[in-house]
Amino acid sequence: MVERGRDKFQKAKPLILAAVRFCRIFPLRIRIKLLEHYRGMKGTKGFVIRYVLLKSIAKHCGDNVSVHPGVYLLCPQGLSLGDNVSIHPMCYLDATGGITIGNDVSMAHGCSVLSTSHTYKDLNLPIKDQPYQVQETAVKDNVWLGAKVTILCGMTVGSGSVVGANAVVTHNIPANQIAVGVPAKAIKERG
């Protein structure tokens, strides 16, 4: 039987946590720069380095968090990640306003999770010059985000839900739903 990543993590956890404690002696800005530097590193070494740095930066980072190569984390100190989270290549997380991701969440490649948005109400001011809003975005426990899902600022995806590929979440998704489309709509309940 093939050993799962979470089993390997548990075996190496004491060493990993020692590396996290060591890493915390460096200023936050240095750790963030190192996380950016190692963004593309492949293999087990890359996974471990990214995890150690993220664990030392994020609000919370649970066990067995897998950040694949090519993931962009903007304002990683605003992230809160549960246990057994996998974030696949080409994902983009903007945690400026705060992002909370629960336990057992899988984000397929190319997902975007946003916690900021531009405002556009002032007709006398170019949109790019208008203030932006920040609002926490949440992905609850046991969620699967299909390839290229986009979750907009302030939205919540409920526990046990599946969001289909290319969906754009513009409204909260209740628990245990299968949601698809642009904008994402729940089409049926799981189970």
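**Salt bridges and a nonpolar patch**

Q: How far apart are the closest N and O atoms of the salt bridge between Lys11 and Glu3?
A: In this predicted model, Lys11 is exposed, at 64% relative accessible area, whereas Glu3 is partly exposed, at 33%. The two residues form a salt bridge. Its closest N and O atoms are separated by 2.8 Å.

Q: Is Asp63, the salt-bridge partner of Lys13, buried or exposed?
A: The closest N and O atoms of Lys13 and Asp63 are 2.8 Å apart. This pair links distant parts of the chain, with Lys13 in helix H1 and Asp63 in the loop between strand E1 (60-61) and strand E2 (66-67), 50 residues apart. Lys13 is partly exposed at 23% relative accessibility. Because the limit for burial is under 20%, Asp63, at 16%, counts as buried.

Q: Which residue forms a salt bridge with Lys33?
A: Lys33 is exposed, with a relative accessible area of 55%. The closest N and O atoms are 3.8 Å apart, and the partner is Glu36.

Q: What is the accessible area of the nonpolar surface patch that includes Ile25?
A: Ile25 lies in the loop between helix H1 (5-23) and helix H2 (28-37), and is exposed at 59% relative accessible area. The patch is formed by Ile25 with Phe22, Phe26, Ile30 and Leu34. Together, these residues have an accessible area of about 450 Å².

Terms used. Residues are numbered from 1 along each chain as its sequence is written. This is a predicted model: local features need pLDDT of at least 70, side-chain atom pairs count only at pLDDT 80 or more; totals for chains, interfaces and linings use all residues. Side-chain values use heavy atoms; hydrogens and water are left out. Patches are made of residues with over 30% relative accessible area and no salt bridge: like charges are joined within 9 Å, nonpolar side chains (Val, Leu, Ile, Met, Phe, Trp, Tyr) within 5 Å. Accessible areas come from the Shrake-Rupley method with a 1.4 Å probe; for residues, only the protein chains shown count as cover. A salt bridge is a side-chain nitrogen of Lys or Arg within 4 Å of a carboxyl oxygen of Asp or Glu. Helices (H or I, at least four residues) and strands (E, at least two) are DSSP runs, numbered from the N terminus. Buried means under 20% relative accessible area, exposed over 50%, partly exposed in between (1.4 Å probe, protein chains only).
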